[in-house]
Protein chains: 2
Amino acid sequence: MENKNIPYKIYLEEHEMPNYWYNVRADMKKKPAPLMNPGTHQPMTAEDLAPVFCEELIKQELDNDTRYYPIPQEIRDFYKMYRPSPLVRAYCLEKKLGTPAKIYYKFEGNNTSGSHKLNSAIAQAYYAKKQGLKGVTTETGAGQWGTALSMACSYFDLDCKVYMVKISYEQKPFRREVMRTYGASVTPSPSNTTEVGKKILAEHPGTNGSLGCAISEAVEVAVSNPGYRYVLGSVLNQVLLHQSVIGVETKIALDKYGITPDIIIGCAGGGSNLGGLISPFMGEKLRGEKDYRIIAVEPASCPSFTRGVYAYDFCDTGMVCPLAKMYTLGSDFIPAPNHAGGLRYHGMSPVLSELYDEGMMEAVSVTQTSVFEAAEQFARVEGILPAPESSHAIRVAIDEALKCKETGEEKTIVFGLTGTGYFDLVAYEKFNNGEMSDYIPTDEELAKYRANLPKID
Amino acid sequence: MENKNIPYKIYLEEHEMPNYWYNVRADMKKKPAPLMNPGTHQPMTAEDLAPVFCEELIKQELDNDTRYYPIPQEIRDFYKMYRPSPLVRAYCLEKKLGTPAKIYYKFEGNNTSGSHKLNSAIAQAYYAKKQGLKGVTTETGAGQWGTALSMACSYFDLDCKVYMVKISYEQKPFRREVMRTYGASVTPSPSNTTEVGKKILAEHPGTNGSLGCAISEAVEVAVSNPGYRYVLGSVLNQVLLHQSVIGVETKIALDKYGITPDIIIGCAGGGSNLGGLISPFMGEKLRGEKDYRIIAVEPASCPSFTRGVYAYDFCDTGMVCPLAKMYTLGSDFIPAPNHAGGLRYHGMSPVLSELYDEGMMEAVSVTQTSVFEAAEQFARVEGILPAPESSHAIRVAIDEALKCKETGEEKTIVFGLTGTGYFDLVAYEKFNNGEMSDYIPTDEELAKYRANLPKID
């Protein structure tokens, strides 16, 4: 029974905060396809992965059975510094739209990394520290993940080496300075500090870099430096596990007020936020206890769900990583230069890919101009300046709320507001000046990238 | 009796949020000196002020007697979107410092304006709307106030004209774009859109602008356009009244857990945050019920409390505003070019000036390099990247906590963390590169500016 007195913002009290992560793989009858050794085409074992990832994280990566993972006390202490994140009732947006729908958003932007990425960064840094490592390496594109990881490493006194996509390094100097303030070293990628970087530079002089390329460099540095491992901010099963704190908190807050969502919406790049948000809800759906419409929103300029194929593919440009079965556009795919913000990865979380393939969730793609229109509308009434990534979810939440206006249905919509747009003002400026453009790749272009998929029997 | 189970962050519940502002002037035996007509040297009446300010705000400005001001429901509804702000126990900072002191900070940065300024912006926009005005004008320096006002005006559908100090307009294009996203027009000051701007440009071609100059332009536009009034983000009595929501919330949260602060610390530029934070505590102190050490922290490069004089002075460069009695460096004073962030006004709130003159509070000045050291130390353990302004308070809170470490005293320190530093990364970059410098004006320089104070009998 829905409680009538719902506050603008629901903050869990400290004792209500979750002490476990939710592993949705435990509820999946068909498990996500395993990571595969690109040479042998055999599933990667814990031993295979040990040079790259931390031990405890490999266990989490491979564990498809344990539903509830206790969150270590040290991580819960860190979570207390910026969590619980509020679940906000968008009263002002509802009023502005004139919709009978009830809209809620889980806001993950109230921390210095500006997004949900910190939830997994602190977990990965914790396990690295526990293993006695000296430091970790990673890649970052728009910079949210790198910032989050630099904060986490600073907290646990770990060295943090970030490979930042070159064009972002140049266009987002402020993100870089936040990372440096937290003590991280930041290298523009591709660079001359790695073999793979040198090779890419030789083949593509003047390249702007890409996520896939930065991943290759970060992995090389991790495996060739004793005491270092590589960490990743999305796509992987372990990341979705850590990000489930978003969904578990959301569910506790909704249950507290007797609210049952009809539709759950999240933006999807690699899938870390969406996967985290939906985990406990998807669990109920998979067990047949509840039904929810679950919608992934992706950019029309990087449409891995809606226009990709479900296949084994390389995770990185340099092909130094294991293969993953996922919805993919091909590992050479890079969004058009006018694409702003994140959500630019060529693939998608194997967990979400499998769930999407089974029809357990929907996906839609939206153009960035329509996304910024939604962002501006949201900012003006709800006060928060959203990240371009998050605004994909806003776009579809508004669209669904407007459908309710037509039909008169009082649906309850929950969406993930992953972060803030304070470091995306160049894109906002373009939008404010009416200079923002859209680009939708042609079928021919996509076919070209798809042709480079590895041939697996 | 102090409750032992104090959470990391104390969030008031919606029903605990204050429904009144606290007017500390009601507790002052000697009231702050009135604004004065520069021509007649008589106190400004409500009638005199009517062309410049909104009616209701003039009442608040002149009312030295009403202690509790009910907060209108419409403003409380807006407050619910980003308030209550958390009162955070700095457990991690305490541990890092190894101090027996207990440190709390009231964090006002969790909103898109990035600071406490929104508390007064929404109030001023509300009263403007209620009066049936078309819009408001204002100045902004670092951009926090302008951003806050643009958000508030967007919410109430008011036109918002911002005069932004020219050098900030050029160096902080992102702040400008946030304001534009909220629909404000932003003009670099001095500009050719006003008589006073033209005059200043003629006298000082190539000037970088100043707050005092931008104020003059904004006031001129307000008084010469029907349906417009001028609003200001600090210094004025009305602003301190609105900002008292910070202090009242802090007091409710502390009382809830049986905590009594020994020391209350805030940064001070025009005094809006400090005045708001201390209002209810200062009330107790003035009534002789409690004693607190209250410390204002200002930049060594703009030391109005510690090296200014208590005298009537112009509020703006163009001398179009009333005179205010305040601690001032002289209305021509502009901090050295290496001064980063806000806290650059030549004067100080008349309320705080009077309280300081009576010995009810202390003031210290700190150099900006020491401020950024404190900011970095704080960011690394508490996770929040603080604004340079706020970091002045952090500096002194750390200093006081370290004194406690020496003496073994378990003092309770509360400080105001006014905002985030996401738009101050140019300054952080300088600090990270070891290129930050300090400037302390010489006695001779200060004497030169002081010589231009108006002669009042």
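How much area do chain A and chain B bury between them, and what share of it is on carbon and sulfur atoms?

Modeller: This is a predicted model. Chain A and chain B bury about 4,000 Å² between them. Of that area, 56% is on carbon and sulfur atoms. The contact involves 43 residues of chain A and 43 residues of chain B. Two salt bridges are counted between the chains. One pairing is that of A:Arg176 with B:Glu429, a salt bridge whose closest N and O atoms are 3.2 Å apart.

Beyond its neighbours within four places in sequence, B:Thr420 touches several residues of chain B. Among them are B:Phe107, B:Gly109, B:Gly114 and B:Gln144. B:Ile384, B:Leu385, B:Pro386 and B:Ala387 are also in contact with B:Thr420.

Now to a strand of chain B. Strand E11 (residues 293–299) has six of its seven residues buried, so the rest of the structure largely encloses it. E11(B) pairs with two strands. With strand E10 (residues 263–267) of chain B the sense is parallel, over five bridges. Here B:Ile294 of E11(B) stands opposite B:Ile264. Strand E14 (residues 362–366) of chain B also runs parallel to E11(B), joined by five bridges. There B:Val297 faces B:Val364 of E14(B).

Helix H10 (residues 211–224) of chain A has 14 residues. Its first and last C-alpha atoms are 20 Å apart, close to the 20 Å expected at 1.5 Å a residue. Eleven of the 14 residues of H10(A) are buried, so this helix too is largely enclosed by the rest of the structure. The buried residues include A:Gly212, A:Cys213, A:Ile215, A:Glu217 and A:Glu220. Their cover includes strands E6 (135–140), E7 (159–165), E8 (185–189) and E9 (228–230) of chain A, along with helix H9 (195–203) of chain A.

How values were computed:
Residues are numbered from 1 along each chain as its sequence is written. Chains are lettered from A and ligands numbered from 1 in the order in which they are written. This is a predicted model: local features need pLDDT of at least 70, side-chain atom pairs count only at pLDDT 80 or more; totals for chains, interfaces and linings use all residues. Side-chain values use heavy atoms; hydrogens and water are left out. Buried means under 20% relative accessible area, exposed over 50%, partly exposed in between (1.4 Å probe, protein chains only). Helices (H or I, at least four residues) and strands (E, at least two) are DSSP runs, numbered from the N terminus. Two strands pair if DSSP finds at least two bridges between them. The expected span of a helix is 1.5 Å times one less than its number of residues. Contact means heavy atoms within 4.5 Å. Buried area is the accessible area (1.4 Å probe) that two parts lose on being put together, summed over both. A salt bridge is a side-chain nitrogen of Lys or Arg within 4 Å of a carboxyl oxygen of Asp or Glu.
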